[in-house]
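Colleague: Hi! Could you walk me through this model in plain words?

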Amino acid sequence: MVFKKTYSTLSSEELIAKEKSNMDEQRFQHCIGVSETARKLARLNHYDEEKAALAGFIHDYAKQVPVEEFIAAIKDPANGFDQDLLNWNRAIWHGIVGSHFIERDLKISDDEILTAIKRHTTADVTMTTLDKIVFVADFIEPHRDFPGVETARKVAFANLDDGVGFELAHTLEFLVKQRAKIYPKTIAAYNVWSIKKEN
Ligand code: GDP
Ligand code: FE
Ligand code: FE
């Protein structure tokens, strides 16, 4: 695994070492899986494979950051975060607030990559090709094993937008079953990407 020095001032070895030291081995393997799947989806959708592979690799960089660090980052006025984020939890924070740690630690300032990281858990009403690639790759990477993952892979490899729609419907079903609090953006995204044409 090698990342070209296009999007960070860090070398590929430095990036990989920082990513590895910020998470446990299982999460690291997930990130490798997302990177490889993002590369494959990029090829299928005529997108920059190197950029997709890097965004996929770092998407969960902040997944295991302590809660206090997220809260401090949200509260720091210099970061400009919406204070409503404090009403949510790390499930939402590791992407939206995680982009701040990625910019700071991994020296990545490319807006397209940072936006894809921000949107990777909740999705959004507007999604760029890279947003969709990272969102979907996260869901279908080879280590994922849940009822429906084979269908998700089939749908996503056939059509990226359908992959986004399938994933949002599946995630919402899962969250509703758990009576979990749902981030409004997730519902708004569902209404854009998952609704059948005739509805
Ligand atoms: P991961 O970081 O690779 O585990 O995957 P994600 O970043 O996609 O998701 C992390 C968790 O957030 C998953 O368990 C999702 O079900 C959950 N999640 C996604 N959207 C929402 C939401 O709107 N509300 C809540 N509470 N959880 C969500
Ligand atoms: Fe994540
Ligand atoms: Fe992930």
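Colleague: Is His-120 buried or exposed?

Modeller: His-120 counts as buried, with a relative accessibility of 2%. Buried means under 20% relative accessible area, exposed over 50%, and partly exposed in between (1.4 Å probe, protein chains only). One caution: this is a predicted model, where local features need pLDDT of at least 70 and side-chain atom pairs count only at pLDDT 80 or more, while totals for chains, interfaces and linings use all residues. Residues are numbered from 1 along each chain as its sequence is written, chains are lettered from A and ligands numbered from 1 in the order in which they are written, and side-chain values use heavy atoms, leaving out hydrogens and water.

Colleague: Got it. What coordinates the iron ion (ligand 2)?

Modeller: Asp-60 (OD), His-94 (NE2) and His-120 (NE2) do, at 2.1 to 2.2 Å. Donors are N, O and S atoms within 2.8 Å of the metal (3.2 Å for Na, K and Ca), and sites may look incomplete because water is not among the atoms. The pair Asp-60 and His-120 links distant parts of the chain, 60 residues apart. Asp-60 sits in the loop between α3 (49-58) and α4 (67-75), and His-120 in the loop between α7 (111-118) and α8 (129-140). Helices here are DSSP runs (H or I, at least four residues), as strands are (E, at least two), numbered from the N terminus.

Colleague: How far apart are the iron ion (ligand 2) and the iron ion (ligand 3)?

Modeller: They are 3.5 Å apart, and Asp-60 coordinates both. Asp-60 is buried too, with a relative accessible area of 2%.

Colleague: New topic: which side chains have an N or O atom 3.0 Å from an oxygen atom of ligand 1?

Modeller: His-30 is one of them, and our friend His-120 is another. For Arg-144, the distance from its side chain to an oxygen atom of ligand 1 is 2.9 Å. Taken alone, ligand 1 exposes 580 Å², and the protein buries 83% of that. Those areas come from the Shrake-Rupley method with a 1.4 Å probe; for residues, only the protein chains shown count as cover.

Colleague: And helix α1, which residues are buried there?

Modeller: In α1 (residues 12-21), Ser-12, Leu-15, Ile-16 and Glu-19 are buried. They lie on the same side of α1 because they cover an arc of only 95° around the axis, an arc taken from the directions from the helix axis to the C-beta atoms. Glu-13 and Ser-21, on the other side of α1, are exposed.

Terms used:
Polar contact = N/O pair within 3.5 Å; in protein donor to acceptor, adjacent residues only side chain to side chain.
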